[in-house]
Amino acid sequence: MARTDAIVLGAGVVGVSAALHLAKRGLSVTLVDRRGPGEETSYGNAGVIEGNTLFPHAFPSGFGALIRIALKQAPEANYHLSFLPKVAPWLLAYRANTSAEGSLAFAEDMRPLFSRAVSEHEALMAEAGATRYLRKDGWIKLYRSDEAFAATARERELAITLGLSHRVLSVDETRGLEPSLMPAFRRAVHWPEAASVSNPLAVTKAYAARFTQLGGVVLKGDAMTLHRSDANWRVETDEGPIDAKDVVVALGPWAPDLLGQLGIDLPMAFKRGYHRHFAPRGNAGLTRPVVDTANGYCLAPMEQGIRLTTGAEFADRDATPTPDQFERLMPAARDLFPLGEEKEAQPWMGSRPCFADSRPVIGRAPGQSGLWLDYGHAHWGLTLGPVSGRLIAEMVTGATPFCDPKPYSAERFN
Ligand SMILES: Cc1cc2nc3c(=O)[nH]c(=O)nc-3n(C[C@H](O)[C@H](O)[C@H](O)COP(=O)(O)OP(=O)(O)OC[C@H]3O[C@@H](n4cnc5c(N)ncnc54)[C@H](O)[C@@H]3O)c2cc1C
């Protein structure tokens, strides 16, 4: 049996960042995953480091939008009927949390994390030799109607109050930044202080490589084997059992499987999402990610091609993929950007791990000494991985946390 100071379970961008921050503070750390670092949800995202985020993703409002979703005609959302009864209480809580008041509370609680998101990535990228993946030219949100643009007024006003830079663009100004976009929209907002990466998988792998450079150990193993062993926690790995006083659970969408086994039941749901890669036609290209807000998809330039990521699908995490949204959104996407040949036979699918208040859980596990939680990062796991890693490492090592961690505590569900 090997002994280490801390075990981190889950090597997505959240777990790798936590492990790296713990190792930077001088702890011996073992990172355990059944796959290689970054190969699940952290592989397939749109690569946006959304430090500009103020409000959570809105619950659809208006009868028309709800009916379109119910009739499975909405490009931005999909659902499995069998999942609805299970997720209904969560959806009601989500709706309440995305009210005008709830959105403001989210903005206030989450600002300490979002405001450091880009700089925390930059610091890790510099030491991990991963700066080449970083683009610091923001992202663009497109609006297809004046009404949809007008509905963002509150968020833009708050951005002005907080000094968060953004620029409202006409169609021509937008095409000045992204000449390959076709004028299928009416207005746009450029958030220049957001950043993006050209290969999220490579970034997570680079952080994992930096972790091993600092003496960290990456092992294959099954997190579900976690159990108490005297005063320690023990997990079984391909190299044998590992013991540690502290364990950080960073299993993203799989965290409830393990926590349920330990009697910890926090109300998480999944927003599944898909991506497909396309070659651009001719000389077309994108410099930065753009999101078509009316249709809920993002077009992100990646090393693999133009990655088109979809909005939310409410379904069991492990249910068969149903990438029906592509059929509904592809005409709009092709009107916006000259998408050419598709690069893979099947779309990729992942599950965003989401709490109804859209905040992650970062902190102590209730009732289990030495057990720490760092998961539920919803739409922002790439964005918040490094800053969450700093926060959990500060808490585990007993340092003063850089911000008040209360809004992210598991106790908020009591
Ligand atoms: C379509 C889509 C687009 C997105 N776009 C963005 C974006 O632009 N910006 C952004 O910030 N976020 C985005 N996200 C969200 C982001 O990808 C996630 O929040 C983030 O990847 C979650 O990271 P994680 O490390 O918590 O989970 P994961 O990356 O899923 O890592 C969890 C790890 O746990 C491991 N694991 C699970 N069970 C076990 C077990 N029993 N034993 C051992 N290991 C186990 C898995 O193998 C995995 O490696 C997007 C998500 C989707 C689906």
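User: At what angle do helix α6 and α13 pack?

Analyst: In this predicted model, local features need pLDDT of at least 70 and side-chain atom pairs count only at pLDDT 80 or more, while totals for chains, interfaces and linings use all residues. Residues are numbered from 1 along each chain as its sequence is written, and side-chain values use heavy atoms, with hydrogens and water left out. Helices (H or I, at least four residues) and strands (E, at least two) are DSSP runs numbered from the N terminus; axes are lines fitted to C-alpha atoms, for helices over the stretch in contact, and angles run from 0 to 180 degrees between N-to-C directions. The axes of α6 (residues 117-128) and α13 are 8 Å apart, and the angle is about 75°.

User: Is α6 roughly parallel or roughly perpendicular to α13?

Analyst: Angles under 35 degrees count as roughly parallel, over 145 as roughly antiparallel, 65 to 115 as roughly perpendicular and the rest as oblique. Because the angle is about 75°, α6 stands to α13 as roughly perpendicular.

User: Which residues of α13 make the contact with α6?

Analyst: Contact means heavy atoms within 4.5 Å. From α6 come Ala117, Glu120, His121 and Leu124. Their partners on α13 are Leu382, Thr383, Pro386, Val387 and Arg390.

User: How far does a backbone N or O atom of leucine 382 lie from an oxygen atom of the ligand?

Analyst: Valine 14 has a backbone N or O atom 3.2 Å from a ligand oxygen atom. For glycine 47, the distance from a polar backbone atom to a ligand oxygen is 3.3 Å. For leucine 382, the value is 3.1 Å.

How values were computed: Polar contact = N/O pair within 3.5 Å; in protein donor to acceptor, adjacent residues only side chain to side chain.
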